[in-house]
Amino acid sequence: MDRYKGRYAVRYSVYACCVSLLIIMAWGWGGVKSAKAEDTLGWDSLLSPVVLAGSSVDLQSVDINVLAGWLTGTTPLIEYSLDSTDGINGHWIQADDIVTPIRWQPGYLYIREQADPTNNRLLAVIQLGREGTYLFADPTASLMIPTTHPSISDSVVGSADPIINSKTTPLDDSDTDPTAIHPLTTIQSDPSGTTSIQINNDVAIEQLTANSEHTLTIPVTSNHSSIQIPIEGSLLQALYDQKAMIMIVFPQVTYTLPIAMLEPQKVIQSFAKPPVSMTSITLTIQIKTPSNNDIASLQSLLNLQQINIVGSPVSVQLQASYDGQTVPISPQGTDQSLELTMPVPVTTSTDSISSKPTTAIVYQADHSMHPVPTLISSPNDSSATAHIHGWTNGIYALVSHHPSLIDTRSHWSSADVNDMASRLIVTGEKGGVFAPDRLVTRAEFAAMIVRALGLSAEPSKTTFSDVHDSDWYAGVIGSASNHGLIEGYNDTTFRPNQQITREEASEILSHAMKLTGLSTVITTREANAQLNPFADRKKVSNWAVPALALSVKYHILEGVQGAIQPQSDVSRAQATVMIRRLLQQSGWIQS
């Protein structure tokens, strides 16, 4: 999935290999360590995939993040159960293609091949406990009814697993889990209701170095209205050294921040009296339920556009502290976005269409609001999850929007335009008219791609002689320029009101691919192979060959009666379709 298919690129990929990346963590009351493989019932921390002969699935392609609440690299040939007691009974759910969200709950998670009602090919049994503990069973053991460890049995809350005559397998004291002595985190609460998660720097740095994906995972295993997580100097520097990501995992919400989004020098210079280095700074991540006043203010703004909030919004803020100074910190534009997953409220066929989310938005401190790319996995399932890409602090909320565009109902682009309008990426003109065949200017295309990627309008770091602060498009051109999406002409102009051609649009989309995680590496031979089938190949400008070839490769741009038409202007409908295909190919919205 590039991003999901590559990164959601860096991290995702249980079938039998679901436990290959196991790191048993514990905190608070202690840790859990599995018994050795030779113990009676085969409980074990599996450090390498268990490959079952004759499997119908490529086991190496599947991974699990139990606390984050998803299975990745899955196929419909896999199914799982959260209420089975023996791997046979219980409610079994078919996995999705590539990404399968699950609702984490204390108890047991069973995973098997779908066509296996007799449990001959059970792949994994995972006992989930309170405070983030979990324990894996060897799926090749002869008896798959799980045992209960003394250190985890009392911590399983709400398990639907009434094990009878279960055997207790003792821990091996000679091989104690070091996190039992030095927990990754400890929890502190203050009278105001804010919960602070204190990180053990040494344990965290060890986790970073042991994790090939360079992700620091901070589990928060119970719901809190306000959480703050301070990240102190040595750990902060280690995150930069490893080019790491911070993943904060709640029971229903996951927040992931690439540390590269916080440029060190900008963080340092944000202080009136700046420190010498990052090791003197404490970065604090605060995630909380927005105040009633904030939600009311947001809803008031949304009402003007007939947009409804769906579910519970989440507020995310970053701040840095040094020598008695505390300043807000905003993520900066890089080629990586922050990511947020949120549960989608369960709806029924009788519920109003306004109760079903179409996208997510972010509401910022300056009371501005804009859409962010949102992929809703399993939209018709009770375990539906929204995967959101963002670039800033603010209140993130799922919303529902269903505009009526009267002139697209019989247009060839109807499905694409309606979807992108429901995502707030394109809008109609007066009277509900979209004008799908009207040609698009360079400024309008810049505005569309900025909204599609979830970027904010901002002042440009590059000066274009024909773009002025008072122009409606100044902010979106500034954002597009700052994020490397657009370039001007040699005479320092941008020519915002000039109509955009297909090859110019492809050039901008090729820059956007770098932000969404699609590979932009293409050889001359591959580019020619993509473009040579078109009758007008020779009309493609030399500078546009790589970009146009990438658009063809990813099925973003298609020919018209055997021609690629590189010099033709782009209509509003065509621009909408091209940008939508980019987001779909990147795994940022659902197909």
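Both Arg580 and Asp419 are buried in this predicted model, where buried stands for a relative accessible area under 20%, exposed for over 50%, and partly exposed for values in between (1.4 Å probe, protein chains only). The side chains of Arg580 and Asp419 meet in a salt bridge with an N to O distance of 2.9 Å, a salt bridge being a side-chain nitrogen of Lys or Arg within 4 Å of a carboxyl oxygen of Asp or Glu. Because Arg580 belongs to helix H13 (residues 572-585) and Asp419 to helix H7 (residues 414-422), the pair ties together parts that are 161 residues apart in sequence; helices (H or I, at least four residues) and strands (E, at least two) are DSSP runs, numbered from the N terminus.

The model is a prediction in which local features need pLDDT of at least 70 and side-chain atom pairs count only at pLDDT 80 or more, while totals for chains, interfaces and linings use all residues. Residues are numbered from 1 along each chain as its sequence is written, and side-chain values use heavy atoms, with hydrogens and water left out.

By the rule given above, the count comes to 10 salt bridges. One of them joins the side chains of Glu526 and Lys553 at 3.3 Å, N to O; since Glu526 lies in helix H11 (residues 524-531) and Lys553 in helix H12 (residues 545-553), this pair ties together parts that are 27 residues apart in sequence. Glu526 is partly exposed, with a relative accessible area of 26%, and Lys553 counts as partly exposed at 26% relative accessibility. Salt bridges that share partners also join Asp416, Asp419, Arg423 and Arg580 into one network.

Arg537, placed in the loop between H11 and H12, is buried yet has no salt bridge, and the nearest side chain of opposite charge, that of Glu503, is 8.6 Å away; for charge, Lys and Arg count as positive and Asp and Glu as negative, with His and the chain ends not counted. Leaving aside residues up to four places away in sequence, Arg537 touches Asn528, Leu531, Asn532 and Val545, contact meaning heavy atoms within 4.5 Å.

The mean pLDDT of the protein is 79, and 72% of its residues reach 70 or more, pLDDT being the predictor's confidence in each residue, from 0 to 100. Over residues 1-51 the pLDDT is below 50, although this stretch has 205 contacts in the model beyond near neighbours in sequence. Over residues 141-181 the pLDDT is also below 50, with 95 such contacts in the model. Where pLDDT is low, the predicted coordinates should not be read in detail.
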